[in-house]
Structures are given as C-alpha cells and as structure tokens.
There are 2 protein chains.
Amino acid sequence: MNRKRATLKEVATRAGVSIATVSNVFSGRKPVNADLKAKVEKAARELSYQVDRAASQLRSGRAQVVGVLVPDLDDTFFTSLISRLEVMARRDGFDVIVASSRDERELEESRLQTLLGWRPSGIIAVPCSDKVPAILKREAGRLPMVLVDRVIADSPVADTVTIDNFEAGAIAVRHLLDMGHAEIALAASHLGIAPIRDRIRGATAAARERGARDPVAVEVGANAERGGEVFSDWLGCNPLPSAVLALTNVTTLAVLAALARRRIDVPEKVSLIAFDDYPWMSARKTPLTAIRQPVDEIAGAAWERLKLRMAGDASPSHPTILHASLQDRASVRRAGPRITAASSKEAAADPALDTT
Amino acid sequence: MNRKRATLKEVATRAGVSIATVSNVFSGRKPVNADLKAKVEKAARELSYQVDRAASQLRSGRAQVVGVLVPDLDDTFFTSLISRLEVMARRDGFDVIVASSRDERELEESRLQTLLGWRPSGIIAVPCSDKVPAILKREAGRLPMVLVDRVIADSPVADTVTIDNFEAGAIAVRHLLDMGHAEIALAASHLGIAPIRDRIRGATAAARERGARDPVAVEVGANAERGGEVFSDWLGCNPLPSAVLALTNVTTLAVLAALARRRIDVPEKVSLIAFDDYPWMSARKTPLTAIRQPVDEIAGAAWERLKLRMAGDASPSHPTILHASLQDRASVRRAGPRITAASSKEAAADPALDTT
DNA sequence: GTTTAACTGTAAAACGTTTAACAGCTGCCG
DNA sequence: CGGCAGCTGTTAAACGTTTTACAGTTAAAC
C-alpha cells in the first residue's frame, strides 16, 4: 500500500491520457469520450484517487467550504442549526467548518480570522453580541455572509435571519395574561443580547397593552447550572411570581432547576413558558408550554440566502424575519379571570366577553 | 476597498522585502530582523493580509485540519463531544470540519471520502455501526485516526476510545437490584450497535450474578419522538416493569415521553435510570439517577491520541477504555429488600446482613 | 475539393505558498 | 589578512490542480 497519495498525473499516465483530460473527467467542465472516461475512472479507482481540495481551490479560486460560527456548541439551539446547515451544505457540495466563539468577542474575532484563511465561499455566523464583528464588517460586500439570531434585523452590512423576538415575547405574555397571570418574571440570559432585549420589550409591551404590571426580568447567564443557582437565589429574595417566562432554552433549564430545588411545583405553584422546543420539554409529566423557534426555517432561510449571495447576487442586504409560535401544553395553569385592558381598569368586568 | 485578497507578494513589495521573508515572519521558520519584521507586520495589517490555507497546505503538505465524523448532530452526546474537540483542536492550531453520517453507512462512506479530499492531518470518527468503514480501513496506517464510542475496543485497525459499556450496564442493574427491583426493562436504541449490545450484556450478567430475572430489552430506535411511541406501545402490551434502564440519552427521552403519556409516575410507579448526564435530567422535580459517560475525558483521550499519531507515533493501535459512573439521584425508589444471590435463592433470607 | 465549424484532447501557464539552495555580510580565528 | 562560520535575506523551484490557447480530426457546407 502506497505511502503517498495518488495525484492527477499518476492517474493520467496510468490511463494513458493527459492530466487535463483527467481533470475534465472529474470536474465535468468539458465533455470527454466515453471509453477514455471509463479508462480514467478505472485508473482512478485502482489508485483510490481523490482530488486534492487544496490544490483545486488554489487554482480555481472556488472554495466549496462555508464557515459556520456559533457562540456555543453546547447549546442545542445552535447545534440543531448546525445540524440542518450541514445537511443542506453537503447536499450542495459544500463542506462545513465549525467554530465556536464561546461567547467571547476576542475569540470570535480570532476564529473568524482563521476561518477567512480558508477563503470560504461564505460564512454563516451567530455573533456573540449584537455588534457585528469588525472582521465581518470589513469583509461585507466581498464575502457572502448571513448573520443569524443575535443581530439587529436591519443591520445594513449583511443579510440577516432572525425571528420576530418582540412578537415572541408578546405572544408568551399575552397567553399568560389570558390565563390570568398578572405577576410575570422573565428569565433572561444576558440583557446585552439583542434578541433577549427584544423579547423583553415585547413581553413588557404586551403587559402594558392590557394594563398589567411590567414583567420583571432576571438575568441568569448562559449556563444552566449557574443560572439555576442565580434564579433560585432570586426566588429566595422575592415574592413568588405567578408565572415565569424563560427567554432561552438554557434559561428554561435554569428556571426548572431552581424550581425543582425549591420544590415549587409547575404549574400548581407557578406557571412556566419555555423557550425553544426540544424533546426533553415534552417528555415530562407536565409537558412544557413553549415558544417554539422554527429552527428548520431559520436554517433553511440562512442557507438559501447564502446560496444566493454565493451565486453572485449583489442586491442590497435583506433581513429575513420569521415567527415563533406558542406550543400550548400543560405548564401554564388557569390562575384567574383573563386579564384584559378592560378588566384591569374596571377591576371586575366580565372577562369572558373579550375573545381573542 | 479591494475586491481581491492580498497575497504574500503584495505584502512583500509594500514592506520592501522578498516574499520568502514575509513567509518567514508568519511561519516563524527562520528568524528575521526585528525592524524588518515590524515593517512586514505593518504592511500585512494595512492590507489585512491572511495566509491562504489552500496554498500553504498544498506547498507544505501539512494540513492543520482534522475531520470529525459523527452519526447525528442532533444528539447531545455527539455535539458535546464536538464542542470539546473543537476547543482542543483550536488550541493546537487545527480547524475542525464536521460531518454527519446521519446513521447511514452509505452517507458515512461518502462523507469520509470528501473529508479525505482535504488531506486532513487526522480524523476522529464515531462510526454509525461497529463495522469500521472501508475507507478508514484503507487509510489505516497512513492517516492518523481515532475511533470513538461505536466501536469494538480492540479493533486492530486504529486507536479507539470507548467506555466500558459492559460495566456501565452492570453498574446500573446492580444499583437497581440493590434497591429491590427485580423486573427490569432496558430501553435500547438499536441492538446492532456494539456499545448498546455491551450495555445489555453487562446488565444481563449483573442480573444473573444475583440470580435475578434477565432484563428484557426493548428496541426503540434513535429518535426520541418515535421511540416514545414505540415504548409506549410496549408498555401497553406488557406488565409494567419495576424499573427501566435507558441505554442512551435519546432512549431516556423516549422512555420519559412514554411514561408521561401513560401517566406512570417516576419513581412511584416505576424507577428509571437515565443514560448520559445532561442538565435537563437534573432540572426536574425528580432528578434522574443516571449513568454518566465522562464526555470530557472521552474527548480529551481521543484528542491526545490523535495528537500523538499526528506527531508521527506509529506504535500498534491502542484502545483507551474509560469508565461510566452512577449519579445517584431521585428516580430510583427503594422497592423492597435488596436482591442478592442469597436472598433470591433462599427467598426470605435477611437482606440487611449483606452489605456492599 | 476547399473552407468552416464543431468536437476532443493536450501543453503549458497559472494559483499563493513553502523551502532548498544560495548569496552577502559580519565578526572571529589563526 | 585570508578564510570560515554564523546570520539574515533572496531566488527560484516546487506542490496538484484548473484553465486558456491551441492542435488535430471529423463532419458539414458551399
């Protein structure tokens, strides 16, 4: 067995043709006679030849790689994104290089920098803050890129794919209000992150719209375990809200952990709306009512956008905004009359008159 | 802003040196005078130069990439593996190309094939069955590779990193027996997968060792949702076991879903041991007792092995076997007297005499 | 029967690096 | 003061592809 790897040249001599012909057989750029083609393929098989992507890329300038940068490879939301992107990229002949910024801006820059060394055809990035990384700003316009999730939707530098986070927060709070919950706590990861802020704004707006008290946001961080402690501490120092809305899947975990530790039952003592929708949320005695982000659609939209750009589309940058939806399950209990603007103003109006 | 990317040559002319010098500044292969170096670095910065990995790799033959192949990017076990590998690879200057075989042997071969096109420095693979993929067999010896998890530990073709799955199954069942559970069901994903078979063998052996009935294995597949239905159906046709041992994190989900649907309480009606250990398993009113795989160690061992091989180590292939451990929490209830060989034989011997 | 066009195949020049070989310059030893 | 070693920098030749320009062959068109 050969130590070294077969090259075009070796295949060519073995098949008795020029290297250009072999190249044509593999790239399909020019047609080649059927039996020559057969001979080449046979030779290639015998040598178990595989085209060298580095050489190919160097010469052609085309890369067939996309870089995918996410803040955290332990967060299911991001890995499910990657999972779907990998399938689509693969389908279209691209390989995926993953990089994690681990939520550090510095690491993010450095990972992006090395990603660029690949001269990738495109980049899909979930920035770790809502500031677009400097490197991407610099590359905007010459490198196809799509920004996902942690981003202001009308960022002028690149295409974006996000959900309507304001609406997501509002939907959740309206549901809680409908079920009669007036004291709402929000479990946020970090207030510095745009989608989180938007979800909070949406939640707050929905509450005000009905004249309910502003929800109170608790910042618990992006780690489930530590977040659990933080939220548990918060529960210790504050009156128990009637409902909690978790703003990410990790904060959902944090809330659940804190509630379990303090033996506060869901939904008997407190109602809960989870964020994102993963199997573990339904596989419980009390399946969690959740705000589902359409991960498939997000990934799909990001990939389609990137493909367009990679195909040369140079139109102005385009924001895609998708919609989260409420999965109504069992973790929100009916706590009293529906809270409507009327009922909260007039205190005892019949809430049944107001339909959604 | 320049359309094209800066090259070594441009940096060289701008800094007034030869391209070789610039190369030396970046690779550090040969020392270069301090102020020249400064000039080069300045020029590079101004052009925002970044070395082209394709060119570099083509010329040097060194790749600085490792391929990572897993069966499923939606399975937390694999993504947490990837997460850790990415950190270590990055630390050592390697980039990671991920590929998912989606549990299909054909896709696996094709993904590996394209991975090879990168001429990677090494490959870490979790095969989708316990048969080593043909391509890897062919490459064994010339391409550094480490096989993880789904693999027979003494596979002679490559280094392996696994846990002692037999032991893992045994530990779990012994715990169940200690707690007085005699009818044990095993929720397996696929019987065709080596680690699963080993876990079952271990579980069975532990039961026999104490003269208890053989656990019965239920094959529920690798998808949580469908698995839940399968297991629920099984529950419908069979007497309720006293305890269930799930053999993967996904089957844990399946079991939980089925139990929830049938309103069977854990641990009141049935005890449960989960496999793997993820935040959602503890964030419940009844935190799950679990068999924890040491993911950090697995990833660490795989990477260290690969580094060794990439550094040229050509010693015979080496199996690393790590150990799972029982995380005792609340999902296993005491069901009766401890089941020991004596008690099961003599039916009424005092189990309290037998200590662990 | 010559000209054109269409088709297939080939030779050779890139692509942006790394690196072996070499050249110039010090300073030091004999 | 010649020669030699030790630095530091440069020249130029790879690396394995893709691709342009061109050559040869055959078929169609006039």
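Author: Helices here are DSSP runs of H or I with at least four residues, strands are E runs with at least two, and both are numbered from the N terminus. This is a predicted model: local features need pLDDT of at least 70, side-chain atom pairs count only at pLDDT 80 or more, and totals for chains, interfaces and linings use all residues. Residues are numbered from 1 along each chain as its sequence is written, chains are lettered from A and ligands numbered from 1 in the order written, and side-chain values use heavy atoms, without hydrogens or water.

Take DNA strand C. Helix H4(B) gives the most to the surface near this DNA strand, with 4 residues. Four helices each supply at least two residues there: H2 (19-27) and H4 (53-60) of chain A, and H2 (19-27) and H4 (53-60) of chain B. In total, 25 residues surround DNA strand C. A residue counts as near if one of its heavy atoms lies within 4 Å. The closest are Thr21(A) and Lys30(A), along with Leu8(B), Ser23(B) and Arg59(B).

The surface near DNA strand C has 11 nonpolar, 7 polar and 7 charged residues. Nonpolar covers Ala, Val, Leu, Ile, Met, Phe, Trp, Tyr, Cys and Pro; charged covers Asp, Glu, Lys and Arg; the others, Gly among them, are polar.

Arg59(A) reaches a base: a side-chain N or O atom lies 2.8 Å from a base nitrogen of DNA strand C. Leu8(B) uses its backbone, with a polar atom 2.6 Å from a phosphate oxygen of DNA strand C. Arg62(B) places a polar side-chain atom 2.8 Å from a phosphate oxygen of DNA strand C.

Turn to DNA strand D. Here 25 residues lie around the DNA strand. Leu8(A), Ser23(A) and Arg59(A) come nearest, together with Thr21(B) and Lys30(B). Of the DNA strand D atoms within 4 Å of the protein, 58% are sugar or phosphate, and bases make up the rest. By class, the residues of this surface divide into 11 nonpolar, 7 polar and 7 charged. H4(A) gives the largest share of the surface near DNA strand D, 4 residues.

Chain B supplies these polar contacts. In Ser18(B), a side-chain N or O atom lies 2.8 Å from a phosphate oxygen of DNA strand D. In Thr21(B), a side-chain N or O atom is 2.3 Å from a phosphate oxygen of DNA strand D. Lys30(B) meets a base: one of its polar side-chain atoms is 2.2 Å from a base oxygen of DNA strand D. H2 and H4 of chain A, with H2 and H4 of chain B, are the elements that give two or more residues to the surface near DNA strand D.

Some context for the chains. Chain A has 14 helices and 12 strands. Its C-alpha atoms fill a box of roughly 90 × 45 × 40 Å along the principal axes. Both chains contribute to an open sheet of 12 strands with mixed pairing, in the order S11(A)-S5(A)-S4(A)-S3(A)-S1(A)-S2(A)-S2(B)-S1(B)-S3(B)-S4(B)-S5(B)-S11(B). Its edge strands are S11 (319-322) of chain A and S11 (319-322) of chain B, each pairing on one side only. Pairing takes at least two DSSP bridges.

How values were computed:
Polar contact = N/O pair within 3.5 Å; in protein donor to acceptor, adjacent residues only side chain to side chain.
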